[in-house]
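Please read the following report alongside the sequence and the model. It moves from the whole chain to single residues.

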Amino acid sequence: MSLLREVQTALMDGKEIGPILLKLQFLASRLGSDVLEEWVKHESEGYQVGVEAPDYRKVPVTFTGHFSGPFGSGIKNAPIPSVLVKKLAGEAWTNYEIRQGMASIDNMLSSASKTTTLNIDASNLILKLQGKIYPDYACNGVDGEFSMASLVEIQNAVRARALELTLKIEKSVPAAADITIGPSAAPKPKDTEAVTQITNQVIYGNYTAISNTGAGAQFSLSISSGDAGSVIKGLEAAGFPNTDAKEIATILASEKPENEAEPFGKKAKAWIAKNLVKATNGAWSMGISVATQLLTEAAKKYYGLP
């Protein structure tokens, strides 16, 4: 099996992302694309200080504070509005950047049992918030936390982008499907250029907004919990063909999700893996990343998940 096909198979099998990225980095090297190799390296080893993290690695954080006042009074676990933290300390605190490599993220997800949130070191916020939350109380500590589901979303974002990359590379650079671990011919300049162009489009293009009509148009799915009909209507309006919308709605109604962080059952996962290719051949009016976001949102709303 070629290296490209190995990567695609592993991505669709739902395996941990870390080891897959090593193969993708090797493939990027054989294709001569420094841009693709750099992205894969950052995702594998982490984003170092000074390197801008992509938007899909920024997660919302909630904060609580501990305060002491006169005559032994105090307030514990008092919620601190994120808008206030942003105003006093900057947006970097409310949209926290997850910079660890995918192997670390895979490990955190696999080792988590009943944990639903993770903490960040918010001790530096104490001085920034001192005297500005409760004027007559001293700020003794600040806790920041984000949802474990945010790590799942990062994992899925990297998986979706990696799969979309390989599918588009296979379509635009047929020679890529012949690359193996063994010796291979040097890449042609036009192939390297095509891979770099695809990488810039998929990785650094605007894939954060769910769009239905052109760049910048946003679409919010209107789906009622337990209503398969609204799933069909919502997905159709977002650009999915009626047949595909009906199929996934029927599957969602026939099974339950694995958990809150993974809103799909086995049948739904298999259907998505089989049909995502339609996002690259024009059958769906959206890319893989947007299609994945829409299907995830549809499943969450149907099952009533946060």
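How far apart are the mean positions of the 30 positive and 32 negative charges of the chain? They are 3 Å apart. Lys and Arg count as positive, Asp and Glu as negative, while His and the chain ends are not counted. Each charge is placed at NZ of Lys, CZ of Arg, CG of Asp or CD of Glu.

## Basis of the model

This is a predicted model, in which local features need pLDDT of at least 70, side-chain atom pairs count only at pLDDT 80 or more, and totals for chains, interfaces and linings use all residues. Residues are numbered from 1 along each chain as its sequence is written, and side-chain values use heavy atoms, with hydrogens and water left out.

## The whole chain

The chain holds 13 helices and 6 strands. These are DSSP runs numbered from the N terminus: helices are H or I of at least four residues, strands E of at least two. The C-alpha trace spans about 75 × 50 × 35 Å along its principal axes.

Of the 306 residues, 46% are buried (under 20% relative accessible area; exposed is over 50%, partly exposed in between; 1.4 Å probe, protein chains only). Among contacts (heavy atoms within 4.5 Å) with a separation of 6 or more, 69% join residues 24 or more positions apart. The chain exposes about 15,500 Å², with 53% supplied by carbon and sulfur atoms. Areas come from the Shrake-Rupley method with a 1.4 Å probe; for residues, only the protein chains shown count as cover.

## Strand pairing

Two strands pair if DSSP finds at least two bridges between them. Strand 2 (62-68) runs antiparallel to strand 6 (residues 138-147), over 7 bridges. There, G65 has V142 as its bridge partner.

Strand 5 (residues 117-120) also pairs with strand 6 in the antiparallel sense, over 4 bridges. N119 stands opposite E145 of strand 6.

## Positive phi

Most residues other than glycine have a negative phi. F71 has a positive one, near 60°. F71 sits in the loop between strand 2 and strand 3 (74-80). F71 is exposed, at 89% relative accessible area.

N77 has a positive phi too, near 50°. N77 lies within strand 3.

## A buried arginine

R159 belongs to helix 8 (residues 149-172). R159 is buried but has no salt bridge (a side-chain nitrogen of Lys or Arg within 4 Å of a carboxyl oxygen of Asp or Glu). The nearest side chain of opposite charge is D106, 6.2 Å away.

What does R159 touch, leaving aside neighbours within four places in sequence? Its contacts are A10, L11, G14, K15 and I17.
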